[in-house]
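Good morning, colleagues. I would like to take you through the strand pairing and then the aromatic contacts of one model.

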Amino acid sequence: MTKRYVSLPDEAEAGMREFIDEVDERLSSDEDTCAVVKHVLIDLSGDREAYERWQAGKDVSPAERVRLQSYDPCNTTLESEYYAEKDEERFRQSKHLQWLWRQFDSLPIADNVEFALRFRRMLADHLFEECGENCRFFKNISFTYGHNITIGDNTVVHDDVHLDDRGRLTIGDRVSISDGVHVYSHDHDVVDQTEVRNYHTIVEDDVRLTYDSMVRAGNRVGENAIVGARGVVQHDIPAHHIAVGMPAKSVKIKPGWESVATPIEEGGVNRQEQRHLEYDLPDDFEAFDEFGRDLEPPR
């Protein structure tokens, strides 16, 4: 093992634990989540004095007012808020938590690895549908909603990863997701890009998704498989296979697993449609094409 054990000074450790436990308790209570997020961000940003001055009716500049208002997630919008098929009730809660996660990552304190890993792990318990033990989430991870994500034990998600849960996303135990990886659970029609199809995307136990790779919606990466750097998964990757390229193709079986793995030549089956997730829109939903295009093919 190439890792070292690292610890904080006792005083810093105590302060960190007290703060994370306090936020965890508040998020678990009946307190309004929007208010919790607002005040946590105000204090972490060191903006309490300016906020109290504004609340007292004293003059603040337009820029200050926008900054202070934006600590409150109820005064913000996220891209996923505009998606027609989202679950409004679930999103109302996950939006606030996602805002806290994103804004925390924009603060200098998010570079304190020991503190930041534990803070995000605590948030994951509240944001995700399910999150296992001892997971580690590094900086600048983004989600669509968060509440359609299930993650197992001891999984590591590194910097600048996008976990799209517009459909449903299941990630197993001991998965390693390297920097810059994108895992999708929705896709667009090739003719009308406003037509969205959602899927269940699955990354099984002990998988490694290496640097800048992508898993397209509705695919399964099998147990103990590896997707090589910048590989693009467009079909199922069998367990114990090593897949590389664009599109990713199985090139090797992990040594020692040959007797139980699917033969190389039998890999590459696309089962996306088996994982298609239907959704209904309200009867009074007003559909529109934001691009205003004529999609009729030429005659």
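Let me begin with a definition: two strands pair if DSSP finds at least two bridges between them. Strands (E, at least two residues) and helices (H or I, at least four) are DSSP runs, numbered from the N terminus. As for the source, this is a predicted model, in which local features need pLDDT of at least 70, side-chain atom pairs count only at pLDDT 80 or more, and totals for chains, interfaces and linings use all residues. Residues are numbered from 1 along each chain as its sequence is written, and side-chain values use heavy atoms, with hydrogens and water left out.

Five strands make up an open sheet with parallel pairing, in the order 3-6-9-13-16. At its edges are strand 3 and strand 16 (232-233), each of which pairs on one side only. Strand 13 (residues 214-215) runs parallel to strand 16 and is joined to it by two bridges; Met 214 has Val 232 as its bridge partner there.

Let us turn to strand 11. Which of its features concerns burial, given that buried means under 20% relative accessible area, exposed over 50%, and partly exposed in between (1.4 Å probe, protein chains only)? Strand 11, residues 196-203, is mostly covered, with seven of its eight residues buried. Its parallel partners include strand 7 (residues 168-171), through four bridges, with Leu 169 opposite Thr 201. Strand 14 (residues 220-221) also pairs with strand 11 in the parallel sense, over two bridges, and Val 203 stands opposite Val 221. Strand 10 (residues 186-188), by contrast, runs antiparallel to strand 11 and is joined to it by three bridges; His 188 faces Val 196. Strand 19 (residues 276-277) is antiparallel to strand 11 as well, over two bridges.

I now come to the aromatic rings. Rings of Phe, Tyr and Trp (its six-membered ring) pair if their centres lie within 6.5 Å; planes under 30 degrees apart count as stacked, over 60 as edge-to-face and the rest as tilted. By this rule there are 13 aromatic pairs. One of them is tilted: Phe 19 and Phe 115, 6.0 Å centre to centre, with 50 degrees between the planes. This pair links helix 1 (residues 10-28) to helix 6 (residues 113-127), across 96 residues. Phe 19 is partly exposed because its relative accessibility is 22%, whereas Phe 115 is buried at 5%. Phe 128 and Phe 143 have ring centres 5.3 Å apart and planes at 75 degrees, so that pair is edge-to-face.
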